[in-house]
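Trainee: I would like to learn how to read a model like this one. Where do we begin?

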Amino acid sequence: MWYVQIPLMALGSFVALYLLTKLMGEKQISQMSIFDYITGITIGSIAAEMATELETPQHALTAMVVYGLATYGLSIATKRCLGLRKLVSGRPILLFHNGVLYRQNFAKAHLDLSEFLSLCRLAGYYDL
């Protein structure tokens with residue numbers, strides 16, 4: 001009977017994952033925060049658990065839904081509350097402004113000068 005149940009559970013986890021992704025909103029990889037990335041990995045891991053758990057797949061489905069709704073709620077809350085957004089996403093770090101490089105901020109951003117300049121070139125800024 002497992003050869004029928006496993007494909008059905010896999011299909012169920014696929015549908016749940018699809019619906020949660022639509023609920024949380026589609027983002028390109030470059031737009032994702034580290035929190036979005038970690039949440040996506042976690043939900044995917046739970047979906048894999050649901051696909052292979054034959055005894056109690058509803059536990060994994062419940063966990064997926066809770067993670068999805070919590071992420072959705074947090075994204076709405078961070079849009080409305082600046083303090084919470086700073087707590088979750090962090091604050092922007094100024095690296096370059098009006099021809100001045102802020103070298104002390106490079107360490108905070110975990111960048112060195114050559115890496116920063118290559119990122120600038122990729123963005124289309126060849127001469128700072």
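Mentor: With charge. Lys and Arg count as positive, Asp and Glu as negative; His and the chain ends are left out. Now the case here, and note that the model is predicted. The protein has 10 positive and 8 negative charges, and their mean positions are 17 Å apart.

Trainee: Next, the fold. How many helices and strands are there in the protein?

Mentor: Six helices and two strands. Along the sequence the order is α-α-α-α-β-β-α-α.

Trainee: What does the radius of gyration say about the protein?

Mentor: Set the value beside that of a compact globule. For 128 residues the globule would be near 14 Å; the protein has 21 Å. The box along the principal axes, filled by the C-alpha atoms, is roughly 70 × 30 × 20 Å.

Trainee: And burial? What share of the residues in the protein is buried?

Mentor: The cut-off is under 20% relative accessible area. Buried residues are 18% of the 128. The accessible surface is about 9600 Å², and carbon and sulfur atoms hold 64% of that area.

Trainee: Give me one residue. Is Thr 39 buried or exposed?

Mentor: Thr 39 has a relative accessible area of 5%, so this residue is buried. Thr 39 sits in helix H2, residues 34-52. Beyond neighbours within four places in sequence, Thr 39 is in contact with Tyr 67 and Thr 71.

Trainee: Now the rings. How many aromatic pairs does the rule give?

Mentor: Two. Take Phe 96 and Phe 116 to begin with. Their ring centres are 6.5 Å apart and their planes meet at 45°, so this pair is tilted. Phe 96 is in strand S1 (residues 96-97) and Phe 116 is in helix H6 (residues 113-122), so the pair ties together parts 20 residues apart in sequence.

Trainee: Is Phe 96 buried or partly exposed?

Mentor: Partly exposed, because its relative accessibility is 26%. Phe 116 is at 9%, so that residue is buried.

Trainee: What is the geometry of the pair between Phe 106 and Phe 116?

Mentor: Edge-to-face, with 5.2 Å centre to centre and 90° between the planes. This pair also links distant parts of the chain: Phe 106 in helix H5 (residues 103-108) and Phe 116 in helix H6 are ten residues apart. Both Phe 106 and Phe 116 are buried.

Trainee: Which residues do the ring pairs link into a cluster?

Mentor: Phe 96, Phe 106 and Phe 116.

Trainee: One last point, on contacts. How much comes from residues 24 or more positions apart?

Mentor: Among contacts with a separation of 6 or more, such residues account for 46%.

Note on methods. Residues numbered from 1 in each chain as written. Predicted model: local features only at pLDDT ≥ 70, side-chain atom pairs only at ≥ 80, totals over all residues. Heavy atoms only, no water. Helix = DSSP H or I, 4+ residues; strand = E, 2+ residues; numbered from the N terminus. Buried < 20%, exposed > 50% of the residue type's maximum accessible area, 1.4 Å probe, protein only. Contact = heavy atoms within 4.5 Å. Phe/Tyr/Trp six-rings, centres within 6.5 Å; stacked < 30°, edge-to-face > 60°. Rg over C-alpha atoms; globule rule 2.2 N^0.38 Å. Areas by Shrake-Rupley, 256 points an atom, 1.4 Å probe, with all protein chains shown as cover. Charge placed at Lys NZ, Arg CZ, Asp CG, Glu CD.
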